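Hi everyone, thanks for coming along.

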Amino acid sequence: MEHLLIEDRGAVRVITLNRPEKHNALNTRLTQELLDGLRDADRADGVNAVVLTGAGKSFCAGADITEFSALTPQDPQAVSARADLTTRLHLVFSQMNKPVISAVRGNALGGGAGLAIACDMCVMSETVRYGYPELRHGIVAAVVMANLVRQLGRKQAFELVALAEPLDGHAAKAWGLCNRVVPDEQVLETALELARKVAGWSPIAMATTKRAFHRAADLGLAQALEVGRDANVMMRGFRKERA
């Protein structure tokens, strides 16, 4: 991996975006490596949870604008392929069996903000700059809006993308965008503590919990209850097997 660091700490895999000189901006190479790294972690024996973080001063400053400038309407296949890759990356978190926790400090902007909340849980630093500044650059917060609207609600989500003003950690917590807010130097360790705890549960119970959670989140009540009912039946089976 050219732009990704991978380290196993017991049952927790730490995946680190490693373009610190670019504030871990997402070029095509890093985006593909991260997608592959997450899928590999989900398949890995002995890994039960993942922590996603960034090297250097930032979590992720979003898309690499210098690379995007080369994607023009004259090359529609390249434009489409890059958009497809971004979409697959933001979808993979909900498709994984294993929980992913983001450890976020410095800049988490645009695509980086989207990555932070695409994870199942999120730890932010008090001084984080979290937001969607795309309109300041004459572009659109596109793919990342899907998770944002689902997690935040219409009024606040629109405010974030329309005003393009970043939030600090305490504001992000007040808006429900993260689980914990801690000083900068405690971000990674706090995320690891959460990851170690969830990694200790039965892997099949966690996988079923996560699958049912994401299915139920986007369904009406009756359909969501059916998802819960199916998970309940499955749970009886694997509880008997563990006994």
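Let me start with a definition: I call it a salt bridge when a side-chain nitrogen of Lys or Arg lies within 4 Å of a carboxyl oxygen of Asp or Glu. Before the counts, a word on where they come from. This is a predicted model, in which local features need pLDDT of at least 70 and side-chain atom pairs count only at pLDDT 80 or more, while totals for chains, interfaces and linings use all residues. Residues are numbered from 1 along each chain as its sequence is written, and side-chain values use heavy atoms, with hydrogens and water left out.

Let's look at some of them. D8 and R13 form a salt bridge, with 2.7 Å between the closest N and O atoms.

Next, R43 and D40, whose closest N and O atoms are 2.4 Å apart in a salt bridge. Both sit in helix α1, residues 28–43, and because they are 3 residues apart there, about one helical turn separates them. Helices here are DSSP runs of H or I with at least four residues, strands are runs of E with at least two, and both are numbered from the N terminus. R43 is exposed, with a relative accessible area of 58%, and D40 is partly exposed at 32%.

R196 and E189 also meet through their side chains, at 2.9 Å from N to O. Here R196 is partly exposed at 41%, and E189 is partly exposed at 34%. There is a network too: salt bridges link E2, R29 and E33.

Now to the strands. Is β4, residues 100–104, largely enclosed or open? It is largely enclosed by the rest of the structure, because 5 of its 5 residues are buried. If you follow the side chains, V100, S102 and V104 point one way, while I101 and A103 point the other way.

What does β4 pair with? I count two strands as paired if DSSP finds at least two bridges between them. Strand β3, residues 49–54, pairs with β4 in the parallel sense over 3 bridges, and V51 stands opposite I101. Strand β6, residues 121–125, runs parallel to β4 and is joined to it by 4 bridges; there, I101 stands opposite M121.

Stay in β3 for a moment, because T53 is found there and is buried at 8% relative accessibility. A polar atom of the T53 side chain lies 3.1 Å from the backbone oxygen of A103. Using contact to mean heavy atoms within 4.5 Å, and not counting residues up to four places away in sequence, T53 touches V14, I15, T16, L17, F59, A103 and L188.

On to the aromatics. A search of the whole structure finds 1 aromatic pair. That pair is Y130 with Y132, edge-to-face, at 5.7 Å centre to centre with 85 degrees between the planes. The rule is that rings of Phe, Tyr and Trp (its six-membered ring) pair if their centres lie within 6.5 Å; planes under 30 degrees apart are stacked, over 60 edge-to-face, and the rest tilted. Both Y130 and Y132 are buried.

By a nonpolar core I mean a set of buried Ala, Val, Leu, Ile, Met, Phe, Trp, Tyr and Cys residues joined through side-chain atoms within 4.5 Å. The largest has 44 residues, and F93, Y130, Y132, L148 and L177 touch the most other members. Apart from it lies another core, of 16 residues, including A49, V51, A103 and L194.

Leaving aside neighbours within four places in sequence, the contacts of Y130 include A113, A116 and I117.

Definitions and conventions
Buried means under 20% relative accessible area, exposed over 50%, partly exposed in between (1.4 Å probe, protein chains only). A polar contact is a pair of N or O atoms within 3.5 Å; within protein, one must be able to donate a hydrogen and the other to accept it, and residues adjacent in sequence count only if both atoms are side-chain atoms.
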